[in-house]
Protein chains: 2
Amino acid sequence: MDIREVARTAGVSIATASRALNDRAEVSPATRQRVLEIAERLGYQPNISARTLVRRRSDTVGLLWDSAPIRRGRSQRFLQDLLVGTKMALDEAGLHLMLLSMRDQSRDAVARQARAHSLDGLILMGVDPHTAAIEPLIDSGVPTLAFDLELHGPAASWVGSDNRAAAASAVDHLADLGHRRIAMIGGPATMLPAQNRLLGFLERMRQRGLEVPPGYVLEGDFFQDSGAGAMRGLLALPERPTAVFAASDEMAIAAMGVALDAGLSVPEDVSIIGIDDLESASLVRPALTTLAQDHWALGRALVHCLAEIIERRRADPHGELPAQLPVLLPTRLVIRDSTGPAPR
Amino acid sequence: MDIREVARTAGVSIATASRALNDRAEVSPATRQRVLEIAERLGYQPNISARTLVRRRSDTVGLLWDSAPIRRGRSQRFLQDLLVGTKMALDEAGLHLMLLSMRDQSRDAVARQARAHSLDGLILMGVDPHTAAIEPLIDSGVPTLAFDLELHGPAASWVGSDNRAAAASAVDHLADLGHRRIAMIGGPATMLPAQNRLLGFLERMRQRGLEVPPGYVLEGDFFQDSGAGAMRGLLALPERPTAVFAASDEMAIAAMGVALDAGLSVPEDVSIIGIDDLESASLVRPALTTLAQDHWALGRALVHCLAEIIERRRADPHGELPAQLPVLLPTRLVIRDSTGPAPR
DNA sequence: TTGAAAGCGCTAACAA
DNA sequence: TTGTTAGCGCTTTCAA
């Protein structure tokens with residue numbers, strides 16, 4: 001069932017059938033109508049490969065998601081949520097989604113995959129900023145948008161939550177509750193969100209005149225074990241904090257578990273706040289206070305930017321693109337039961 | 001940079017270049033070597049659309065995942081895990097993954113998409129068994145494998161956990177701890193896993209001589225709210241159960257929350273066991289005892305079956321396929337802190 | 001407004 | 001072992 005069959009049945013040429021099917025202007029209403037009806041009746045479905053081959057665009061976006069951490073047993077909940085949000089947004093934009101793998105580790109593997117599949121654009125999530133693959137990708141000029149990864153290039157940009165502001169809100173929330181000894185369990189120093197969360201934390205602590213004693217800032221890796229380990233360190237301190245801000249819900253929940261197991265009450269003895277708003281956050285007892293990242297909004301924002309770059313590229317393949325600014329979305333403070341007034 | 005360029009540079013015909021690139025036997029080692037080197041040097045990357053068009057296969061599998069529940073705010077953690085497991089397995093099998101959407105609700109939308117993209121196979125997850133789209137899909141003859149959905153056809157089959165055995169294990173575990181008043185919060189009656197979990201529960205209860213009083217079997221929908229609601233019902237019973245088996249971790253965790261909020265101790269007053277082994281299960285306090293579904297193994301099993309059907313199809317496009325049997329994988333009892341000896 | 005024809009980049013049948 | 005050639009199904013000039 002191809003376009004030839006449709007054309008023959010409708011008694012027109014293939015060219016005309018194509019024009020009608022693609023809603024081109026130069027075809028007469030009557031003809032268009034007839035072709036469309038016949039295509040419908042015959043169950044005609046255009047062959048995407050043929051179309052992509054000749055149009056040199058696929059209406060498909062590739063998504064690169066480094067699954068190595070998951071392979072090592074770390075779950076990356078948040079990225080999974082992000083994936084869902086992004087998929088929805090792509091659906092709305094009429095773009096297909098191809099999941100790419102990072103198995104091929106060669107420098108330009110990604111750019112090559114993009115070319116091979118005639119991908120219109122690329123999305124990066126959970127990709128290490130030091131991956132050698134990024135530079136050739138930027139150079140290739142394929143429209144690319146990343147989550148939480150500073151990407152700058154002629155057709156590249158990035159989207160993320162405003163982590164600095166988020167961390168500041170966390171400090172504000174705790175400080176407003178009367179806490180003065182506030183510790184932070186940070187993320188890996190190489191990652192942008194971790195950097196900004198730390199920055200926002202330190203900044204706001206200073207602004208509010210709160211000290212950060214030695215040992216009060218620990219580096220985790222966003223995953224539970226590191227959160228638990230850090231919390232044990234915090235509890236062993238001669239003067240332990242009355243509140244802890246963890247740079248991920250996963251670490252926050254693990255930290256809370258350690259506190260509970262140590263016989264402390266949360267939030268009576270120690271308040272804990274996370275960031276992400278994973279589903280687990282509302283499931284655990286006490287339910288976790290956290291800064292919610294809106295993965296739907298992030299997905300939409302990303303797809304929006306990407307679609308715009310693609311559109312611009314199409315309109316003028318070699319023109320200058322206006323510099324793309326990163327989009328930073330606000331987080332939302334969700335107060336649950338793991339934070340309360342400072343003890344005494 | 002196309003195959004013509006490679007051929008010209010190597011001083012051979014396009015056909016020979018193609019043969020060398022595709023590792024065909026009829027090409028001389030010297031020629032092959034030369035072509036490969038030149039392709040490498042030129043950064044040649046075959047155009048997938050062109051290849052798909054002529055070969056009529058794409059080495060790509062489509063994954064259909066009904067995101068409507070997520071759109072309604074239900075998370076489907078387990079499917080997300082399954083997606084990850086499946087993606088890994090596909091990578092290993094050298095298959096690309098295309099995420100399909102169910103936006104187009106017409107009966108044969110899926111089969112059409114499969115044809116349009118020349119997809120080699122299809123994976124269904126979280127798809128309602130009553131969806132009208134399934135029948136035309138089966139009829140279309142596209143190799144299709146589903147999770148937790150009885151699919152039978154010339155090139156279709158399915159994979160899932162052995163839910164009946166899983167439920168039986170749950171009963172055994174609780175009964176071994178001395179529980180006699182065991183209730184169950186089931187899943188939606190239309191869904192296969194829910195049916196089998198209920199069946200396994202009732203069967204094993206009978207086998208062990210345990211009664212199931214009226215009101216002891218409640219129907220939920222796998223999501224948290226229904227678990228909480230059901231638990232409230234159970235606690236309101238004149239003689240409340242000492243143990244509850246919930247047909248999903250999400251319901252189990254919510255049920256546990258209700259019990260805790262009602263001032264009961266878990267597992268001292270009531271034991272709770274779930275099924276899935278979501279990440280949250282190990283995060284909540286008390287940590288949830290559950291029956292773990294191995295999503296990696298499920299993914300691998302599914303991809304294995306699918307690849308086999310695809311292979312067979314290729315070898316003999318119109319031959320009879322041997323009847324595919326569904327693959328049922330065992331679950332694993334993970335004993336944590338939410339189950340304990342029966343009270344008194 | 002329509003049709004004829006070229007060609008997107010590749011594979012594979014056939015011939016040499 | 002290699003080359004010539006005919007398409008795969010579609011879009012898009014160009015001419016009518």
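Which polar side-chain atom lies 2.8 Å from a phosphate oxygen of DNA strand D? The atom belongs to Thr16(B); such a pair is a polar contact, defined as N or O atoms within 3.5 Å, where within protein one must be able to donate a hydrogen and the other to accept it, and residues adjacent in sequence count only if both atoms are side-chain atoms.

The model is predicted, so local features need pLDDT of at least 70 and side-chain atom pairs count only at pLDDT 80 or more, while totals for chains, interfaces and linings use all residues. Residues are numbered from 1 along each chain as its sequence is written, chains are lettered from A and ligands numbered from 1 in the order in which they are written, and side-chain values use heavy atoms, with hydrogens and water left out.

Chain A is superposed on chain B by a rotation of 180° with 0.0 Å of shift along its axis, at an RMSD of 0.1 Å. That is the relation of a two-fold axis. The superposition is by least squares on the C-alpha atoms of residues with pLDDT of at least 70 in both copies. Of the interface residues of chain A, 100% are also interface residues in chain B, so the copies meet through the same surface. Contact here means heavy atoms within 4.5 Å.

DNA strand D is surrounded by 28 residues, the closest being Ile3(A), Tyr44(A), Arg19(B), Thr31(B) and Arg56(B). A residue is near a strand if one of its heavy atoms lies within 4 Å of it. Of the atoms of DNA strand D within 4 Å of the protein, 66% belong to sugar or phosphate and the rest to bases. In chain A, an N or O atom in the side chain of Ser18(A) is 2.9 Å from a phosphate oxygen of DNA strand D. A base nitrogen of DNA strand D lies 3.4 Å from a backbone N or O atom of Ala50(A). The surface near DNA strand D divides into twelve nonpolar, seven polar and nine charged residues. Ala, Val, Leu, Ile, Met, Phe, Trp, Tyr, Cys and Pro count as nonpolar, Asp, Glu, Lys and Arg as charged, and the others, Gly among them, as polar.

Around DNA strand C there are also 28 residues, with Arg19(A), Thr31(A), Arg56(A), Ile3(B) and Tyr44(B) the closest. Sugar and phosphate make up 68% of the atoms of DNA strand C that come within 4 Å of the protein.

Within chain A, helix α2 (residues 14–21) and helix α3 (residues 29–42) pack at an angle of about 85°, with their axes 9 Å apart. That makes α2(A) roughly perpendicular to α3(A), a term for angles of 65 to 115 degrees. Axes are lines fitted to C-alpha atoms, for helices over the stretch in contact, and angles run from 0 to 180 degrees between N-to-C directions. Helices (H or I, at least four residues) and strands (E, at least two) are DSSP runs, numbered from the N terminus. Thr16(A), Ala17(A), Ala20(A) and Leu21(A) of α2(A) meet residues of α3(A) including Arg32(A) and Leu36(A).

How values were computed
Parallel < 35°, antiparallel > 145°, perpendicular 65-115°, else oblique.
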